[in-house]
Each structure stands twice: as C-alpha cells, then as structure tokens.
Amino acid sequence: MRHTSLRAALACGVVLWTALPGAAGAAEKAAVFPVELFDPGAAYGSRTRPVDARKLALVTDELRNALRDKAGLEIVDTAPKADVVAKEGPLYKCNGCAADIAKSLGADLVVTGYVEKGSGQIFNLSVAIAEADTGKVVRGGQVTIRADTDDTWAHAMRWVVKNRLLAERLPGKS
C-alpha cells in the first residue's frame, strides 16, 4: 500500500513539473542576432568589407548552430526585424534595444555579439546572452582572434561558446 502511494505522489510530481513553464519539452527561444563589426578605424558611414561580412556570417552561423545543438535552444528567426535592427543598431551600443526586439519576436533570450577590429590581424570577439524580458545579461564571453582567417574566426566562436557561454548550464535550463 505504501509503495502505491509513493508511486502516485511521484507521478503527480512529474505531471506538475512538466506543466510548469520552461519545464521538460519546452525549449527556450533565443533570438540570435547577426554578429556585428566594430571598426574604430573606419570612416563614418563606411560599409563592412565583403570579406568581413562573410566572416561575420560564418561566426553567426557557428553561434546559432552551437546554441541550438549544444544548449537545446530554439533559434528564432530575426530577419523579420532586420529593418528595426538597422535603424536601432549597432546592437552592441543601443542601450538594451536588442532585448525589446527579441521580446517582440517571442524570444526568451537575446544573443548579441560583435567583433572589434584592433588591427589587420588582431580582433576581439564578444558575445552576450541576456533575458529578453529584463535585458539582464546571464552569460557572456570574449576572446582575442590573432589571425584574419575563416578558421581562426570560427575557432574563436567555438571557444567562446564552449568555455564561456555554455561552460555551465544556462539559467532556466534543466
């Protein structure tokens, strides 16, 4: 009789736990915005060079894939708000506008990143994950890239994800 009561209590606990928001089966949604370039040496109004734009797309894809595959996040398409991002951006200095944009997309988390160009061969890659509701940063990381190749940029993003962003479980992930 005792075992039956214990099983029933455990079953009720499991049912209640899975009904909670963010519980098992409900992947958190993350708006992962394209990684941006901060080039202090660029002339005002200059456009990102095609070679840099390609590398930014490469590291953005690395970030999105890793957060989906390794953290189990559902990646929200940010393209519908590209015009808002262009108007408000760059996101790395818009005082939290990215959280509002992510929230309007139905995301729980907002992920932004930028590469700061230091010289022809030295770059700093910074990435932050914040709550869309509050804008509070829950995880962040930075690494220096010491060569300007696709491989070094991709390696840098994989390193930041592994050693900074996902070194521990994200808050709210079980």
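This is a predicted model: local features need pLDDT of at least 70, side-chain atom pairs count only at pLDDT 80 or more; totals for chains, interfaces and linings use all residues.
1. Overall architecture. The protein chain contains 5 helices and 6 strands. Their order along the sequence is α-β-β-α-β-α-α-β-β-β-α.

2. Burial and surface. The protein chain has 174 residues, and 34% of them are buried.

3. Helix H2, dimensions and end. Helix H2 covers residues 50-71, which is 22 residues. From its first C-alpha to its last, H2 reaches 31 Å, close to the 32 Å expected at 1.5 Å a residue. Gly 72 follows H2 and has a positive phi, near 70°.

4. Helix H2, buried and exposed sides. The buried residues of H2 are Asp 52, Lys 55, Leu 56, Val 59, Thr 60, Leu 63, Ala 66, Leu 67 and Ala 71. These residues lie on the same side of H2 because they cover an arc of only 140° around the axis. Pro 50 and Asp 69, on the other side of H2, are exposed.

5. Cover over helix H2. The buried residues of H2 are covered by elements that include strands S1 (29-32), S2 (36-38), S3 (74-76), S4 (109-117) and S5 (123-131). Helix H5 (150-165) is also included in this cover.

6. Helix H5, dimensions and sides. H5 has 16 residues and reaches 21 Å from its first C-alpha to its last, close to the 22 Å expected at 1.5 Å a residue. Its buried residues are Trp 153, Ala 154, Ala 156, Met 157, Val 160, Val 161 and Leu 165. They are placed on the same side of H5 because the arc they cover around the axis is only 155°. On the other side of H5, the exposed residues include Asp 151 and Lys 162.

7. Cover over helix H5. What covers the buried residues of H5 includes H2, S4, S5 and strand S6 (137-145). S4 and S5 are also included in the cover of the buried residues of H2.

8. Largest pocket. The largest pocket holds about 1000 Å³ of space. Its lining consists of 29 residues, and those nearest its centre are Leu 37, Ser 46, Thr 48, Pro 90 and Tyr 92. At least two residues of the lining come from each of S2, H2 and helix H3 (82-88).

Terms used
Residues are numbered from 1 along each chain as its sequence is written. Side-chain values use heavy atoms; hydrogens and water are left out. Helices (H or I, at least four residues) and strands (E, at least two) are DSSP runs, numbered from the N terminus. Buried means under 20% relative accessible area, exposed over 50%, partly exposed in between (1.4 Å probe, protein chains only). The expected span of a helix is 1.5 Å times one less than its number of residues. The arc is that of the directions from the helix axis to the C-beta atoms. Contact means heavy atoms within 4.5 Å. On a 1 Å grid over the protein atoms alone, a cavity is a set of points where a 1.4 Å probe fits but cannot get out, and a pocket is an open set with protein on both sides within 12 Å along at least five of seven lines; lining residues have an atom within 4 Å of a point. Grid points are joined across faces, edges and corners, and a volume is the space filled by probe spheres set on the points.
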